[in-house]
Amino acid sequence: MNYIVLDLEWNQALPGAKRVMDPVCLVGEIVQIGAVKLDGERNLLDRFDTLVRPAYYTKIQSHVRELTGLEEARLRKAPRFPEALDQFLDWCGEGFSFVVWGGNDLRILRDNLQLHGLDEEWLPACYDLQKIYGRQFEEERRAYSLPAAAERLQLFTEGQDFHDAGNDAYYTALILQRVDWTQAMAEAEEPEPAEGGAMLREVFRGYPVRDAVWQDRAVTRTRCPVCKRRLAQTAWVPQPGRKWIILGTCKEHGGFFVRVRLSRDGPGWSAVRLTYSATEENRAYYQDRAGKRKQKKRARKAL
């Protein structure tokens with residue numbers, strides 16, 4: 001089993017321009033894929049780096065240009081996302097897990113797969129190294145930036161600046177080599193199960209504050225993606241990254257795994273609800289998270 005340390009750079013809609021809303025609310029369109037391959041002992045094996053030509057957000061936002069140094073002229077010569085993804089997956093090979101710094105890259109990758117109507121079933125388990133680093137090296141409970149972590153561990157290499165997907169993947173790989181991985185796996189929650197394509201994707205918008213989302217029964221009461229009848233559902237259980245999950249059951253069409261993800265939408269909030277077929281893996285994942293939540297509640301009551 002290899003580890004693929006993945007980092008992405010993406011462009012966004014220009015200020016005042018319309019954001020792509022169908023088939024996905026596109027927060028960012030990928031313009032660079034960087035990755036480092038490590039073996040099971042976390043030895044560096046290979047590096048991957050490609051620019052990606054955007055199809056929708058073709059004008060580079062000023063802050064993206066400042067951070068990455070990317071220009072439209074360079075991107076026009078790059079492969080489109082489907083071709084770049086094929087190259088990346090060929091390079092990844094068989095049997096791997098993702099390691100990322102923070103949760104944004106995986107969310108952006110999922111959105112871009114849906115944007116192009118591409119399969120999501122290949123997505124592997126994914127580990128968030130930002131959280132592992134924070135537990136092992138820092139006492140403050142906050143999300144540390146990759147540059148801050150690399151500086152703390154004295155990993156900066158001359159000529160390899162940050163906010164380049166290839167370089168950021170390389171720095172993340174160096175941090176991966178420095179953490180106690182055995183301890184990390186013992187302490188970490190089970191990686192989020194990779195889901196195939198959602199049977200039903202629904203978007204809810206126009207909430208002035210985050211709590212307003214959970215006051216809307218249209219969001220919290222789920223329905224069968226086949227017959228549209230109400231599902232008999234479990235309690236909502238939180239995940240990292242403004243996500244919540246449930247298991248639902250339809251008498252006629254069986255079990256489902258449902259995830260709601262909240263995100264900023266201009267001055268307000270929006271929610272995306274994805275409904276998948278229930279599998280042994282995502283059922284176990286839900287039960288594990290629900291059990292840990294109950295344990296935390298009992299521990300608080302005991303104090």
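## Lining of the largest cavity

In this predicted model, the lining of the largest cavity consists, by class, of five charged, three nonpolar and one polar residue. The residues concerned are Arg-110, Asp-111, Gln-114, Glu-120, Arg-201, Arg-261, Val-272, Leu-274 and Tyr-276. Two elements, α4 (104-115) and β11 (268-277), each contribute at least two residues to this lining.

The volume of the largest cavity is about 40 Å³. The count of cavities of 30 Å³ or more comes to one.

## Helix α4

Helix α4 has twelve residues. From its first C-alpha to its last, α4 reaches 16 Å, close to the 16 Å expected at 1.5 Å a residue. Ten of the twelve residues are buried, and α4 is thus described as mostly covered.

The buried residues of α4 are Asp-105, Leu-106, Ile-108, Leu-109, Arg-110, Asp-111, Asn-112, Leu-113, Gln-114 and Leu-115. Among them, Arg-110, Asp-111 and Gln-114 also line the largest cavity. Just after α4, Gly-117 has a positive phi of about 65°.

## Helix α3

Helix α3 covers residues 81-92, twelve in number, and its first and last C-alpha atoms are 16 Å apart, close to the 16 Å expected at 1.5 Å a residue. Its buried residues are Phe-81, Ala-84, Leu-85, Phe-88, Trp-91 and Cys-92. Viewed down the axis of α3, these buried residues fall within an arc of 125°, so they line one face of the helix.

The packing partners of the buried residues of α3 are α4 and the strands β1 (2-11), β2 (29-38), β3 (44-51) and β4 (96-100). Just after α3, Gly-93 takes a positive phi of about 75°.

Met-199 sits in the loop between α8 (181-187) and β6 (200-207). Its relative accessibility is 39%, so Met-199 counts as partly exposed. Leaving out residues up to four places away in sequence, Met-199 touches Pro-225, Val-226, Phe-256, Thr-275, Tyr-276 and Ser-277. Along the chain, Met-199 and Leu-274 are 75 residues apart, and their C-alpha atoms are separated by 7.5 Å. Leu-274 and Tyr-276 are among the residues that line the largest cavity.

Thr-275, one of the contacts of Met-199, belongs to strand β11. Thr-275 is buried, with a relative accessible area of 1%.

## Leu-129 in helix α5

Leu-129 lies in helix α5, which spans residues 129-137. The relative accessible area of Leu-129 is 0%, and the residue is therefore buried. Beyond residues up to four places away in sequence, Leu-129 touches Val-99, Val-100, Trp-101, Thr-172, Ile-175, Leu-176, Val-179 and Trp-181.

Lys-297 is 168 residues from Leu-129 in sequence, and the C-alpha atoms of the two residues are 26 Å apart in space.

## Backbone exceptions

Most residues other than glycine have a negative phi, and most peptide bonds are trans.

The peptide bond from Asp-22 to Pro-23 is cis, with omega near 10°. Pro-23 is located in the loop between β1 and β2.

Arg-42, in the loop between β2 and β3, has a positive phi near 65°. At 18% relative accessibility, Arg-42 counts as buried, because the cut-off is under 20%. Gln-154 also has a positive phi, near 55°, and is placed in the loop between α6 (146-152) and α7 (165-178). Gln-154 is exposed, with a relative accessible area of 73%.

Terms used:
Residues numbered from 1 in each chain as written. Predicted model: local features only at pLDDT ≥ 70, side-chain atom pairs only at ≥ 80, totals over all residues. Heavy atoms only, no water. 1 Å grid on protein atoms, 1.4 Å probe; cavity = no way out; pocket = protein on both sides within 12 Å on 5 of 7 lines; lining within 4 Å. Points joined across faces, edges and corners; volume = space filled by probe spheres on them. Helix = DSSP H or I, 4+ residues; strand = E, 2+ residues; numbered from the N terminus. Nonpolar A, V, L, I, M, F, W, Y, C, P; charged D, E, K, R; others polar. Expected span 1.5 Å × (residues − 1). Buried < 20%, exposed > 50% of the residue type's maximum accessible area, 1.4 Å probe, protein only. Arc of directions from axis to C-beta. Contact = heavy atoms within 4.5 Å.
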